[in-house]
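This briefing sets out selected computed features of one protein. Please examine the sequence and the structure shown here before reading on.

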Amino acid sequence: MATGRTHRPATRSRGIPEATVARLPLYLRALTALSERSVPTVSSEELAAAAGVNSAKLRKDFSYLGSYGTRGVGYDVEYLVYQISRELGLTQDWPVVIVGIGNLGAALANYGGFASRGFRVAALIDADPALTGKAVAGIPVQHTDDLEKIIKDNGVSIGVIATPAGAAQQVCDRLVGAGVTSILNFAPTVLTVPDGVDVRKVDLSIELQILAFHEQRKAGEEAIADALPDGLPAATTTTESADKGPDGDVPAVMPA
């Protein structure tokens, strides 16, 4: 089986927009669930609803894959699973290292969904000598002193950072220096990387803050509605329309 060091996904060379790439895993998740239920075909409307997008956007996304479905029949589920998996590079074996084996890193190591999605946890790395040799999810933790050798020996191109914020940039620099070209960052900090290195950031606190904003706004709207005389509709605000992009999506909220 090929490894991630010698093969890269074809999405960029084929000109698939990043917004479409970001939705492909949503389609794949919905399609996999249908496949597990032995559903042979699915309409664009059904699949769009399962993925949480509108059907016109789904059909546009699939046109980049060269898949248009059959009128009156829909899309072949198994073929779409294969198409999207191939486009995302999931028909290959992608060795991954997780750096930082605290509570979050250990939870990631124990996550059973990596293997079924084309990712193999090749190594767990931590700076704490007390953790060295300790097995987490059946994998012995190795010390950060050996990071570069671990990357080379396992042919790793994807690294996961689950360290405290203060250590994340140094870990990132070492990963990149060792040849890692894609990083999933769980540390609550922004990483600086050279051109050619992709970083995806997962910050649960930011997502919760965004939800808190919406909860506060809903509470404010309810308070205004409660204060109005019976039968008088609340004034229409421009907030909702201002939040929507040209295709009706609420744009991502980025921290300052």
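The model is predicted. It contains ten helices and nine strands. Of the 256 residues in the protein, 36% are buried.

**Overall make-up**

- The protein has an accessible surface of about 15,100 Å², and carbon and sulfur atoms contribute 57% of that surface.

**Packing of α1 with α2**

- Helix α1 covers residues 18-36 and helix α2 covers residues 44-51; their axes come within 9 Å and cross at roughly 110 degrees.
- Because angles of 65 to 115 degrees count as roughly perpendicular, α1 is roughly perpendicular to α2.
- The crossing of these two helices, α1 and α2, is right-handed.
- On the α1 side, the contact is formed by L26, Y27, A30, L31 and L34, and on the α2 side by L47, A50 and A51.
- Sorted by class, the contact of α1 with α2 comprises eight nonpolar residues, with no polar and no charged residues.

**Packing of α1 with α4**

- Helix α4 spans residues 77-88, and α1 and α4 pack at an angle of about 145 degrees with their axes 9 Å apart.
- The crossing of α1 and α4 is left-handed.
- From α1, the residues V21, L24, P25, Y27, L28, L31, T32, L34 and S35 take part in the contact; from α4, they meet V77, E78, L80, V81, I84, S85, E87 and L88.
- The contact of α1 with α4 divides into twelve nonpolar, three polar and two charged residues.
- Y27, L31 and L34 of α1 are listed in the contact with α2, and Y27, L31 and L34 are also listed in the contact with α4.

**Packing of α2 with α3**

- Helix α3 consists of residues 55-64; the axes of α2 and α3 come within 8 Å and cross at roughly 100 degrees.
- This angle lies in the range of 65 to 115 degrees, and α2 and α3 are therefore roughly perpendicular to each other.
- S44, E45, L47 and A48 of α2 make the contact with S55, L58, R59 and F62 of α3.
- In terms of class, the contact of α2 with α3 holds four nonpolar, two polar and two charged residues.

**Residue Q83**

- Q83 belongs to helix α4.
- At 2% relative accessibility, Q83 is classed as buried, because the cut-off for buried is under 20%.
- Leaving aside residues up to four places away in sequence, Q83 touches L65, G66 and S67.

**Residue R174**

- R174 is located in helix α8, which runs over residues 165-177.
- R174 has 25% relative accessibility and so counts as partly exposed.
- With residues up to four places away in sequence not counted, R174 touches T144, D145, L147 and E148.
- R174 and E148 are 26 residues apart along the chain, and 7.3 Å separates their C-alpha atoms.

**Residue A115**

- A115 sits in helix α6, residues 113-116.
- A115 is exposed, with a relative accessible area of 64%, since exposed means over 50%.
- The C-alpha atom of A115 is separated by 8.9 Å from that of D93, and the two residues are 22 residues apart along the chain.

Notes. Residues are numbered from 1 along each chain as its sequence is written. This is a predicted model: local features need pLDDT of at least 70, side-chain atom pairs count only at pLDDT 80 or more; totals for chains, interfaces and linings use all residues. Side-chain values use heavy atoms; hydrogens and water are left out. Helices (H or I, at least four residues) and strands (E, at least two) are DSSP runs, numbered from the N terminus. Buried means under 20% relative accessible area, exposed over 50%, partly exposed in between (1.4 Å probe, protein chains only). Accessible areas come from the Shrake-Rupley method with a 1.4 Å probe; for residues, only the protein chains shown count as cover. Axes are lines fitted to C-alpha atoms, for helices over the stretch in contact, and angles run from 0 to 180 degrees between N-to-C directions. Angles under 35 degrees count as roughly parallel, over 145 as roughly antiparallel, 65 to 115 as roughly perpendicular and the rest as oblique. A crossing is left-handed if the near helix is turned anticlockwise from the far one by less than a right angle, and right-handed if clockwise. Contact means heavy atoms within 4.5 Å. Ala, Val, Leu, Ile, Met, Phe, Trp, Tyr, Cys and Pro count as nonpolar, Asp, Glu, Lys and Arg as charged, and the others, Gly among them, as polar.
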